[in-house]
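Here are my notes on the model you sent over. Have the structure open while you read, and jump between the points as you like.

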Amino acid sequence: MTIPESVRVLAGFLTLGLALAAVAPARAQDRSTRVYENRLTPIASPRPILADHPEFIEPVREVARFEAPAIVQDEGADLSVRAWRFSYNARGIIETPNRLRAADTAVIMVHPWGIDDGQGWKTPEPAGVCDFCTPVKNGLAARHTREVVDPFLKSLRGKAAFVMYSLPGPADPIRTKAYRSFNHTPTPEERAQGLKELKEKLASIPYTGEPLPTSLTLSTDRPVIDYFLQFRGLDPGPRYNGPDFWKMPIPITTDVDAHPDDVVVFDAEGYAPLRDFLAKHGVRHVLLTGYATDMCYRKTTAGFENLSKDFDVFLVGDASLATFPGNDSPRFATNAALSFAALDQLVTQISWIKLDSADQPKPKSTGVKP
(Lines give C-alpha, C1' and ligand atoms only; values in the text may rest on other atoms or scores of the structure.)
Protein backbone atom coordinates (compact mmCIF):
# COMPACT_ATOMS: atom_id res chain seq x y z
CA MET A 1 0.00 0.00 0.00
CA THR A 2 1.45 3.40 -0.93
CA ILE A 3 1.65 6.18 1.68
CA PRO A 4 -1.11 8.30 0.09
CA GLU A 5 -3.30 5.18 -0.16
CA SER A 6 -2.75 4.27 3.49
CA VAL A 7 -3.63 7.83 4.52
CA ARG A 8 -6.79 7.64 2.49
CA VAL A 9 -7.80 4.35 4.15
CA LEU A 10 -7.06 5.74 7.61
CA ALA A 11 -9.09 8.84 6.81
CA GLY A 12 -11.96 6.58 5.75
CA PHE A 13 -11.83 4.72 9.07
CA LEU A 14 -11.78 7.97 11.02
CA THR A 15 -14.71 9.34 9.05
CA LEU A 16 -16.69 6.16 9.67
CA GLY A 17 -15.82 6.24 13.35
CA LEU A 18 -16.93 9.86 13.72
CA ALA A 19 -20.16 9.12 11.87
CA LEU A 20 -20.94 6.17 14.14
CA ALA A 21 -20.12 8.25 17.21
CA ALA A 22 -22.57 10.88 16.04
CA VAL A 23 -25.35 8.35 15.47
CA ALA A 24 -24.97 6.34 18.67
CA PRO A 25 -26.19 9.00 21.16
CA ALA A 26 -29.28 9.68 19.06
CA ARG A 27 -30.26 6.01 19.10
CA ALA A 28 -29.59 5.73 22.81
CA GLN A 29 -32.11 8.50 23.46
CA ASP A 30 -34.81 6.62 21.60
CA ARG A 31 -34.49 3.24 23.29
CA SER A 32 -34.05 1.72 26.69
CA THR A 33 -30.44 0.82 27.39
CA ARG A 34 -28.34 -1.47 29.52
CA VAL A 35 -24.73 -1.39 30.60
CA TYR A 36 -22.71 -3.84 28.54
CA GLU A 37 -19.66 -5.19 30.30
CA ASN A 38 -17.04 -5.12 27.54
CA ARG A 39 -14.97 -7.83 29.18
CA LEU A 40 -12.55 -9.65 26.86
CA THR A 41 -11.40 -13.06 28.01
CA PRO A 42 -8.61 -14.67 25.96
CA ILE A 43 -9.52 -17.96 24.27
CA ALA A 44 -6.79 -20.56 24.60
CA SER A 45 -5.80 -22.51 21.47
CA PRO A 46 -8.75 -21.42 19.33
CA ARG A 47 -9.71 -23.48 16.30
CA PRO A 48 -10.06 -21.84 12.87
CA ILE A 49 -13.34 -20.04 12.16
CA LEU A 50 -15.45 -20.72 9.05
CA ALA A 51 -13.72 -24.06 8.61
CA ASP A 52 -16.72 -26.29 7.83
CA HIS A 53 -16.63 -25.76 4.05
CA PRO A 54 -12.99 -25.19 3.08
CA GLU A 55 -13.73 -25.95 -0.58
CA PHE A 56 -15.77 -22.71 -0.67
CA ILE A 57 -14.10 -20.47 1.93
CA GLU A 58 -10.62 -20.41 3.34
CA PRO A 59 -10.85 -20.68 7.15
CA VAL A 60 -10.03 -17.64 9.28
CA ARG A 61 -6.93 -18.59 11.24
CA GLU A 62 -6.42 -15.57 13.54
CA VAL A 63 -5.20 -16.91 16.90
CA ALA A 64 -5.59 -13.69 18.93
CA ARG A 65 -9.15 -14.41 20.04
CA PHE A 66 -11.31 -13.27 22.93
CA GLU A 67 -14.71 -14.14 24.32
CA ALA A 68 -17.01 -11.32 25.40
CA PRO A 69 -20.52 -11.37 26.91
CA ALA A 70 -23.54 -11.74 24.64
CA ILE A 71 -24.55 -8.59 22.80
CA VAL A 72 -28.04 -9.90 22.02
CA GLN A 73 -29.82 -11.57 24.95
CA ASP A 74 -33.53 -11.80 24.13
CA GLU A 75 -36.11 -12.72 26.72
CA GLY A 76 -37.54 -16.10 25.72
CA ALA A 77 -34.66 -16.74 23.32
CA ASP A 78 -34.59 -20.07 21.50
CA LEU A 79 -31.83 -19.50 18.96
CA SER A 80 -28.11 -19.46 19.76
CA VAL A 81 -26.00 -17.42 17.35
CA ARG A 82 -22.35 -17.27 18.26
CA ALA A 83 -20.66 -14.56 16.26
CA TRP A 84 -17.36 -12.73 15.88
CA ARG A 85 -15.96 -9.43 14.81
CA PHE A 86 -12.40 -8.14 14.43
CA SER A 87 -10.99 -5.13 16.26
CA TYR A 88 -7.62 -3.59 15.48
CA ASN A 89 -7.79 -1.82 18.84
CA ALA A 90 -8.41 -5.07 20.70
CA ARG A 91 -5.72 -6.67 18.55
CA GLY A 92 -7.80 -9.68 17.67
CA ILE A 93 -11.14 -11.38 17.09
CA ILE A 94 -13.92 -11.00 19.66
CA GLU A 95 -16.55 -13.74 19.90
CA THR A 96 -19.95 -13.34 21.55
CA PRO A 97 -22.51 -16.06 22.45
CA ASN A 98 -25.78 -14.37 21.47
CA ARG A 99 -29.29 -15.56 22.25
CA LEU A 100 -32.10 -14.58 19.87
CA ARG A 101 -35.81 -15.22 19.52
CA ALA A 102 -36.20 -17.10 16.24
CA ALA A 103 -39.63 -15.55 15.76
CA ASP A 104 -37.97 -12.11 15.73
CA THR A 105 -35.42 -13.17 13.15
CA ALA A 106 -35.56 -13.12 9.35
CA VAL A 107 -33.31 -15.20 7.13
CA ILE A 108 -32.51 -13.28 3.95
CA MET A 109 -30.69 -14.61 0.89
CA VAL A 110 -29.23 -11.91 -1.35
CA HIS A 111 -29.46 -12.49 -5.10
CA PRO A 112 -30.10 -16.21 -5.59
CA TRP A 113 -30.12 -15.64 -9.36
CA GLY A 114 -31.60 -18.44 -11.44
CA ILE A 115 -28.87 -18.42 -14.10
CA ASP A 116 -27.85 -21.51 -16.09
CA ASP A 117 -30.21 -23.62 -13.98
CA GLY A 118 -32.64 -24.82 -16.66
CA GLN A 119 -35.34 -22.17 -16.17
CA GLY A 120 -34.26 -20.40 -19.35
CA TRP A 121 -32.12 -17.46 -18.21
CA LYS A 122 -28.58 -18.33 -19.17
CA THR A 123 -25.15 -16.86 -19.76
CA PRO A 124 -25.06 -15.42 -23.30
CA GLU A 125 -22.59 -16.92 -25.72
CA PRO A 126 -19.92 -16.66 -26.91
CA ALA A 127 -18.58 -14.02 -24.45
CA GLY A 128 -21.43 -12.78 -22.23
CA VAL A 129 -21.07 -12.47 -18.45
CA CYS A 130 -23.56 -12.75 -15.59
CA ASP A 131 -23.65 -13.55 -11.87
CA PHE A 132 -20.26 -15.17 -11.19
CA CYS A 133 -19.55 -14.32 -14.85
CA THR A 134 -18.94 -17.68 -16.53
CA PRO A 135 -21.02 -20.87 -16.73
CA VAL A 136 -18.30 -22.80 -14.87
CA LYS A 137 -18.22 -20.33 -11.97
CA ASN A 138 -22.02 -20.17 -11.92
CA GLY A 139 -22.04 -23.96 -11.64
CA LEU A 140 -19.76 -23.81 -8.61
CA ALA A 141 -22.01 -21.23 -6.94
CA ALA A 142 -25.05 -23.40 -7.71
CA ARG A 143 -23.41 -26.33 -5.95
CA HIS A 144 -22.71 -24.10 -2.95
CA THR A 145 -26.39 -23.10 -2.91
CA ARG A 146 -27.56 -26.72 -3.01
CA GLU A 147 -25.08 -28.12 -0.53
CA VAL A 148 -24.69 -25.27 1.97
CA VAL A 149 -27.33 -22.55 1.73
CA ASP A 150 -30.50 -24.49 0.97
CA PRO A 151 -30.14 -26.93 3.90
CA PHE A 152 -29.61 -23.92 6.17
CA LEU A 153 -32.75 -22.21 4.92
CA LYS A 154 -34.72 -25.42 5.44
CA SER A 155 -33.43 -25.74 9.00
CA LEU A 156 -34.96 -22.38 9.98
CA ARG A 157 -38.03 -22.22 7.74
CA GLY A 158 -41.11 -22.29 9.95
CA LYS A 159 -39.11 -21.23 13.01
CA ALA A 160 -37.75 -17.89 11.83
CA ALA A 161 -40.14 -15.08 11.03
CA PHE A 162 -39.39 -15.22 7.30
CA VAL A 163 -37.18 -16.76 4.66
CA MET A 164 -36.65 -14.05 2.03
CA TYR A 165 -34.83 -13.59 -1.26
CA SER A 166 -33.73 -10.35 -2.91
CA LEU A 167 -33.79 -10.10 -6.69
CA PRO A 168 -32.81 -7.30 -9.10
CA GLY A 169 -35.43 -5.26 -10.90
CA PRO A 170 -38.96 -4.06 -10.14
CA ALA A 171 -42.02 -5.95 -8.90
CA ASP A 172 -43.05 -6.93 -12.43
CA PRO A 173 -46.38 -8.62 -13.18
CA ILE A 174 -44.86 -12.04 -13.87
CA ARG A 175 -42.79 -12.45 -10.72
CA THR A 176 -45.47 -10.99 -8.46
CA LYS A 177 -47.68 -13.84 -9.63
CA ALA A 178 -44.94 -16.45 -9.23
CA TYR A 179 -43.61 -15.36 -5.81
CA ARG A 180 -44.94 -13.90 -2.56
CA SER A 181 -43.97 -10.25 -2.13
CA PHE A 182 -44.56 -7.58 0.53
CA ASN A 183 -48.11 -6.80 -0.52
CA HIS A 184 -49.29 -9.90 -2.34
CA THR A 185 -49.46 -13.62 -1.65
CA PRO A 186 -50.39 -15.43 -4.87
CA THR A 187 -52.88 -18.27 -4.90
CA PRO A 188 -51.63 -21.67 -6.13
CA GLU A 189 -53.32 -20.94 -9.47
CA GLU A 190 -51.62 -17.54 -9.76
CA ARG A 191 -48.30 -19.05 -8.83
CA ALA A 192 -48.60 -21.76 -11.50
CA GLN A 193 -49.57 -19.16 -14.11
CA GLY A 194 -46.71 -16.89 -13.07
CA LEU A 195 -44.14 -19.68 -13.34
CA LYS A 196 -45.54 -20.60 -16.77
CA GLU A 197 -45.26 -17.00 -17.97
CA LEU A 198 -41.79 -16.72 -16.44
CA LYS A 199 -40.57 -19.74 -18.41
CA GLU A 200 -42.06 -18.37 -21.64
CA LYS A 201 -40.52 -14.94 -21.08
CA LEU A 202 -37.08 -16.34 -20.32
CA ALA A 203 -37.23 -18.42 -23.52
CA SER A 204 -38.05 -15.38 -25.65
CA ILE A 205 -34.49 -14.16 -26.37
CA PRO A 206 -31.58 -15.99 -28.05
CA TYR A 207 -28.90 -15.39 -25.35
CA THR A 208 -26.27 -14.45 -27.89
CA GLY A 209 -23.96 -11.47 -28.22
CA GLU A 210 -20.94 -10.36 -30.16
CA PRO A 211 -17.64 -12.28 -30.02
CA LEU A 212 -14.46 -10.72 -28.64
CA PRO A 213 -12.91 -8.02 -30.83
CA THR A 214 -10.24 -9.33 -33.17
CA SER A 215 -8.43 -5.98 -33.45
CA LEU A 216 -8.17 -2.78 -31.42
CA THR A 217 -7.00 0.73 -32.27
CA LEU A 218 -4.26 1.89 -29.89
CA SER A 219 -2.70 5.34 -29.78
CA THR A 220 1.06 5.75 -29.68
CA ASP A 221 1.19 7.78 -26.46
CA ARG A 222 -1.52 6.00 -24.36
CA PRO A 223 -1.87 2.43 -25.66
CA VAL A 224 -2.75 0.88 -22.28
CA ILE A 225 -5.66 3.26 -21.71
CA ASP A 226 -6.94 2.62 -25.20
CA TYR A 227 -6.55 -1.12 -24.78
CA PHE A 228 -8.72 -1.29 -21.65
CA LEU A 229 -11.27 1.17 -23.00
CA GLN A 230 -11.90 -1.16 -25.92
CA PHE A 231 -11.41 -4.52 -24.19
CA ARG A 232 -12.70 -4.39 -20.63
CA GLY A 233 -12.35 -7.10 -18.05
CA LEU A 234 -16.06 -7.06 -17.23
CA ASP A 235 -18.59 -5.85 -19.76
CA PRO A 236 -22.09 -7.23 -19.13
CA GLY A 237 -23.67 -4.75 -21.54
CA PRO A 238 -25.61 -5.35 -24.74
CA ARG A 239 -22.48 -5.90 -26.82
CA TYR A 240 -21.70 -9.26 -25.21
CA ASN A 241 -25.00 -10.08 -23.44
CA GLY A 242 -27.42 -9.01 -26.15
CA PRO A 243 -29.84 -6.04 -26.05
CA ASP A 244 -32.63 -7.60 -23.98
CA PHE A 245 -30.71 -9.71 -21.48
CA TRP A 246 -31.17 -7.41 -18.49
CA LYS A 247 -34.85 -6.86 -19.30
CA MET A 248 -35.62 -10.46 -18.33
CA PRO A 249 -37.32 -11.13 -14.95
CA ILE A 250 -34.55 -12.81 -12.98
CA PRO A 251 -35.95 -15.89 -11.22
CA ILE A 252 -35.04 -17.52 -7.91
CA THR A 253 -32.59 -20.29 -8.64
CA THR A 254 -33.97 -23.81 -8.65
CA ASP A 255 -31.01 -24.74 -6.46
CA VAL A 256 -33.10 -23.31 -3.62
CA ASP A 257 -36.20 -25.27 -2.67
CA ALA A 258 -38.29 -22.11 -2.33
CA HIS A 259 -41.52 -22.38 -0.33
CA PRO A 260 -44.74 -20.50 -1.23
CA ASP A 261 -44.50 -18.63 2.09
CA ASP A 262 -41.02 -17.30 1.29
CA VAL A 263 -40.98 -13.61 0.43
CA VAL A 264 -39.22 -11.91 -2.49
CA VAL A 265 -37.64 -8.47 -2.11
CA PHE A 266 -37.44 -6.50 -5.38
CA ASP A 267 -34.33 -4.31 -5.42
CA ALA A 268 -35.88 -1.55 -7.50
CA GLU A 269 -38.42 -0.77 -4.76
CA GLY A 270 -35.58 0.42 -2.54
CA TYR A 271 -34.67 -0.28 1.06
CA ALA A 272 -37.53 1.51 2.83
CA PRO A 273 -40.25 -1.05 1.92
CA LEU A 274 -38.01 -3.89 3.14
CA ARG A 275 -37.26 -2.05 6.38
CA ASP A 276 -40.92 -1.28 6.97
CA PHE A 277 -42.06 -4.83 6.17
CA LEU A 278 -39.60 -6.34 8.63
CA ALA A 279 -40.44 -3.81 11.34
CA LYS A 280 -44.18 -4.27 10.82
CA HIS A 281 -43.78 -7.98 11.53
CA GLY A 282 -41.61 -7.48 14.61
CA VAL A 283 -38.33 -8.58 13.05
CA ARG A 284 -35.32 -7.26 14.95
CA HIS A 285 -32.58 -9.64 13.81
CA VAL A 286 -31.39 -10.73 10.36
CA LEU A 287 -29.32 -13.76 9.40
CA LEU A 288 -27.89 -12.72 6.03
CA THR A 289 -26.88 -15.22 3.36
CA GLY A 290 -26.36 -14.98 -0.39
CA TYR A 291 -24.15 -13.55 -3.09
CA ALA A 292 -21.75 -11.92 -3.79
CA THR A 293 -19.99 -11.18 -0.49
CA ASP A 294 -17.92 -8.33 -1.94
CA MET A 295 -20.67 -6.73 -4.03
CA CYS A 296 -24.47 -7.36 -3.89
CA TYR A 297 -24.34 -8.90 -0.41
CA ARG A 298 -22.88 -5.65 0.81
CA LYS A 299 -24.43 -2.85 -1.22
CA THR A 300 -27.80 -3.80 -2.72
CA THR A 301 -31.26 -3.25 -1.23
CA ALA A 302 -31.01 -6.22 1.14
CA GLY A 303 -27.26 -5.84 1.60
CA PHE A 304 -25.79 -5.48 5.06
CA GLU A 305 -24.91 -1.81 4.61
CA ASN A 306 -28.64 -1.04 4.54
CA LEU A 307 -29.92 -3.62 7.01
CA SER A 308 -27.30 -2.77 9.64
CA LYS A 309 -28.86 0.68 10.03
CA ASP A 310 -32.02 -0.76 11.56
CA PHE A 311 -31.53 -4.40 12.55
CA ASP A 312 -29.10 -6.69 14.37
CA VAL A 313 -27.41 -8.28 11.37
CA PHE A 314 -25.42 -11.50 11.47
CA LEU A 315 -23.47 -12.34 8.32
CA VAL A 316 -23.68 -16.10 7.84
CA GLY A 317 -20.20 -16.31 6.40
CA ASP A 318 -20.17 -19.81 4.96
CA ALA A 319 -23.56 -19.19 3.31
CA SER A 320 -22.02 -16.56 1.03
CA LEU A 321 -19.46 -16.51 -1.78
CA ALA A 322 -17.41 -13.60 -3.10
CA THR A 323 -16.62 -13.06 -6.76
CA PHE A 324 -13.35 -14.68 -7.72
CA PRO A 325 -11.89 -13.32 -10.97
CA GLY A 326 -8.56 -14.86 -11.90
CA ASN A 327 -9.06 -17.87 -9.61
CA ASP A 328 -10.74 -21.25 -9.82
CA SER A 329 -12.08 -21.02 -6.26
CA PRO A 330 -13.83 -18.33 -4.19
CA ARG A 331 -12.03 -19.48 -1.03
CA PHE A 332 -9.62 -16.62 -0.49
CA ALA A 333 -11.84 -13.91 -1.95
CA THR A 334 -14.68 -14.84 0.42
CA ASN A 335 -12.31 -14.97 3.39
CA ALA A 336 -10.97 -11.51 2.55
CA ALA A 337 -14.41 -9.97 2.01
CA LEU A 338 -15.77 -11.32 5.29
CA SER A 339 -12.63 -10.44 7.25
CA PHE A 340 -12.90 -6.82 6.11
CA ALA A 341 -16.64 -6.72 6.79
CA ALA A 342 -15.94 -8.04 10.31
CA LEU A 343 -14.51 -4.63 11.29
CA ASP A 344 -18.08 -3.35 11.66
CA GLN A 345 -20.29 -6.44 11.35
CA LEU A 346 -20.92 -9.61 13.30
CA VAL A 347 -20.04 -12.75 11.36
CA THR A 348 -21.35 -16.20 12.20
CA GLN A 349 -21.40 -19.59 10.49
CA ILE A 350 -24.04 -22.24 10.03
CA SER A 351 -22.68 -24.61 12.68
CA TRP A 352 -22.80 -21.75 15.22
CA ILE A 353 -26.54 -21.18 14.70
CA LYS A 354 -28.55 -23.59 16.82
CA LEU A 355 -32.21 -23.83 17.69
CA ASP A 356 -32.78 -25.03 21.22
CA SER A 357 -35.11 -27.84 20.28
CA ALA A 358 -33.86 -28.71 16.80
CA ASP A 359 -31.66 -31.56 15.75
CA GLN A 360 -28.82 -29.70 14.17
CA PRO A 361 -26.92 -31.22 11.23
CA LYS A 362 -23.36 -31.95 12.23
CA PRO A 363 -20.72 -30.15 10.16
CA LYS A 364 -18.73 -32.57 8.10
CA SER A 365 -15.08 -33.19 8.86
CA THR A 366 -12.89 -30.57 7.24
CA GLY A 367 -9.43 -31.93 7.69
CA VAL A 368 -8.41 -28.46 8.82
CA LYS A 369 -6.18 -28.58 11.86
CA PRO A 370 -6.20 -25.89 14.50
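1. Terms before anything else: helices (H or I, at least four residues) and strands (E, at least two) are DSSP runs, numbered from the N terminus. Residues are numbered from 1 along each chain as its sequence is written, and side-chain values use heavy atoms, with hydrogens and water left out. Keep in mind that this is a predicted model, where local features need pLDDT of at least 70 and side-chain atom pairs count only at pLDDT 80 or more, while totals for chains, interfaces and linings use all residues.

2. The overall picture. The chain has 10 helices and 11 strands. Buried residues (under 20% relative accessible area; exposed is over 50%, partly exposed in between; 1.4 Å probe, protein chains only) account for 47% of the 370 residues. Take the contacts (heavy atoms within 4.5 Å) between residues at least 6 apart in sequence: 76% of them join residues at least 24 apart.

3. Now the inside. A nonpolar core here is a set of buried Ala, Val, Leu, Ile, Met, Phe, Trp, Tyr and Cys residues joined through side-chain atoms within 4.5 Å. The largest one has 51 residues, and Leu79, Trp121, Phe152, Leu153, Leu156 and Leu287 have the most contacts inside it. Helix 2 (residues 135–156) is its top contributor, with seven residues. There is also a second, separate core of 36 residues, including Val263, Ala302, Val313 and Trp352.

4. Have a look at Leu156. What does it touch, leaving aside its neighbours within four places in sequence? The contacts are Leu79, Val107, Leu287, Ile353 and Leu355.

5. Two cis peptide bonds to check in your viewer. Glu125 and Pro126 are joined by one, with omega about 10°, and Pro126 sits in the loop between strand 5 (105–110) and helix 2. Another joins Tyr291 and Ala292, with omega about -20°; Ala292 is in the loop between strand 8 (285–291) and helix 8 (296–299).

6. Ser45 has phi near 45° and Leu50 about 55°. Ser45 belongs to the loop between strand 1 (41–42) and strand 2 (65–67), and Leu50 also lies in the loop between strand 1 and strand 2. Are they buried or exposed? Ser45 is exposed, at 68% relative accessible area, whereas Leu50 is buried, at 1%.

7. On to charges. Side chains of opposite charge can pair when their charged atoms come close. Counting a salt bridge as a side-chain nitrogen of Lys or Arg within 4 Å of a carboxyl oxygen of Asp or Glu, the whole structure has 23. Arg65, Glu67, Arg82 and Glu95 are linked in a network of them.

8. Asp74 is buried, at 11% relative accessible area, while Arg284 is partly exposed, at 35%.

9. Finally, Asp104. Its side chain meets that of Arg284 in a salt bridge (3.3 Å, N to O), linking parts of the chain 180 residues apart, with Asp104 in the loop between strand 4 (92–100) and strand 5. Asp104 also forms a salt bridge with Arg101 (3.0 Å, N to O). Asp104 is buried, at 12% relative accessible area, and Arg101 is partly exposed, at 31%.
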